[in-house]
Amino acid sequence: MAAPLLEKLSESLGSPEPAVRLILSVLIGYPFALVYRWVLFYQPSTVIHLFHICSGLALAAFNFAGSQLYHSATCVFVQFLMLRLMGRTVTAVLSSFTFQMLYLMAGYYYTATEEYDIKWTMPHCVLTLKLIGLAFDFYDGGKDPSKLSAEQKKGALPSVPTLLEVFGFSYFYGGFLVGPQFTLRSYQRLVARELTDCPGKPPNSAIPAMKRFALGFLCLAIYAIFSPYYPDSYFLTDDYEAQPFWYRCVFILLWGKFMLYKYVSCWVIAEGVCILAGLGYNGVVDGKHQWDACANMKVWLFETTPLFGGTIASFNINTNAWAARHVFKRLRFLGNKTLSHVATLLFLTIWHGLHSGYILCFSMEFFIITVERQAQALVRDSPLLTNLANSHLYPLIYVVQQFIHWLFMGYPLVPFCLFTYDKWLKVYSSIYFCGHVFFLVVYLSLPFLRTSLVPKKERSEKKQD
């Protein structure tokens with residue numbers, strides 16, 4: 001009965017059935033959160049864990065074939081065994097990291113196609129980070145607290161988690177399918193009724209949750225309305241190649257902007273589920289209760305920033321924070337931030353998948369951010385450029401910045417979405433590799449511009465630093 005209804009719904013929306021199932025699953029999180037608040041909030045932790053496990057498994061079964069359920073269950077159970085048998089050791093962390101990543105990569109290898117398919121590996125990549133993070137947090141719980149950073153102290157586990165805790169944490173309906181990332185310690189505090197603005201009572205989080213739901217639904221509507229006009233497949237048509245150069249570039253700009261709304265909408269709606277359940281509670285700042293503990297998007301920053309770094313800081317926040325906490329900062333022993341940054345981006349590349357498009361996308365991200373930081377330093381150090389940036393011409397400069405920003409945000413997303421070498425190379429060839437040329441020219445010009453526009457005294461101080 002459900003299948004024909006879903007087929008009709010997907011046809012009326014013009015979306016594939018797996019995508020409709022996914023968004024419905026994210027939305028179902030709201031009634032699940034209400035059941036938790038109204039019925040289970042005061043129940044023993046065992047009951048709450050079982051509810052989270054059953055609801056998460058139900059969402060998995062709704063989206064994927066029954067035989068695919070064992071992938072997540074196997075990895076969760078193996079992770080629990082490693083914590084129990086290996087204890088708080090480096091061996092446990094390395095074993096967890098290796099096993100979970102190899103399992104995910106094997107899943108990518110055996111299920112890969114040349115299209116973006118919604119299959120069991122999609123939630124499994126979210127789960128992989130959760131379980132690796134769990135190993136790190138368990139390891140940190142055995143360290144001297146004075147040797148831990150503030151972030152590590154928040155996530156560190158003082159005791160061995162139970163099997164139900166690990167499974168409940170893994171299958172929690174608010175984050176199982178599309179994220180966000182959160183720690184087992186936060187999940188334990190949720191079950192213990194600590195994540196609330198009313199001690200001992202369900203949180204007053206309905207209004208903050210509905211605000212995120214409304215914002216997420218608006219982003220979903222924007223995506224549903226405009227994405228059919230900017231499909232990925234159009235890049236590979238003869239019609240695209242026949243268009244003028246400027247049209248091909250503007251198409252990439254608009255395509256990149258609207259394409260990202262599918263991620264924005266899912267993440268913001270899922271954040272609302274976490275807020276409604278209480279997991280989004282983040283304490284009190286300046287006398288106001290904060291509900292951004294599970295925020296995966298800074299939508300206002302995403303919409304208004306003219307900087308590539310600003311977009312990255314506003315997008316997929318929890319995953320970026322996870323990578324910073326568990327990869328970048330733990331590579332401090334390398335003694336080189338650039339090397340740590342490269343290693344972190346390499347990890348994220350592999351975590352996303354095995355296609356060449358991911359490698360190109362993240363390598364371009366590194367280069368673009370490097371060039372942008374050097375350009376920002378030039379503007380700061382040059383009195384002429386600083387005065388220009390603060391002048392009445394800034395609105396015009398902002399518009400130009402935004403055009404360049406979104407054109408070259410869409411540019412590296414082409415291989416990210418088209419995956420394979422033959423596809424993204426065809427698109428880049430059709431626009432003469434303009435993004436590569438632009439940033440290479442800027443990069444090579446920056447030393448000359450610094451010599452010309454920055455006073456000699458400023459240049460000397462920079463060299464001394």
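A salt bridge is a side-chain nitrogen of Lys or Arg within 4 Å of a carboxyl oxygen of Asp or Glu. This is a predicted model, in which local features need pLDDT of at least 70 and side-chain atom pairs count only at pLDDT 80 or more, while totals for chains, interfaces and linings use all residues. Residues are numbered from 1 along each chain as its sequence is written, and side-chain values use heavy atoms, with hydrogens and water left out.

**Exercise 1.** Find which residue forms a salt bridge with Glu271, and state whether Glu271 is buried or exposed.

Solution.
1. The partner is Arg212, with the closest N and O atoms 2.9 Å apart.
2. Glu271 lies in helix H13 and Arg212 in helix H10 (residues 206-226), 59 residues apart, so the pair links distant parts of the chain; helices are DSSP runs of H or I, at least four residues, and are numbered from the N terminus.
3. Glu271 has a relative accessible area of 3% and is therefore buried; buried means under 20%, exposed over 50%, partly exposed in between (1.4 Å probe, protein chains only).
4. Arg212, at 17%, also counts as buried.

**Exercise 2.** Classify both residues of the salt bridge between Glu17 and Arg21 by accessibility.

Solution.
1. Their closest N and O atoms are 3.1 Å apart.
2. Both residues belong to helix H2 (residues 17-40), four residues apart, about one turn of the helix.
3. Glu17, at 21%, is partly exposed.
4. Arg21, at 18%, counts as buried.

**Exercise 3.** Check the length of helix H12 (residues 245-259).

Solution.
1. The expected span is 1.5 Å times one less than the number of residues.
2. For the 15 residues of H12 this gives 21 Å.
3. The end C-alpha atoms are 21 Å apart, which agrees.

Terms used
Helices (H or I, at least four residues) and strands (E, at least two) are DSSP runs, numbered from the N terminus.
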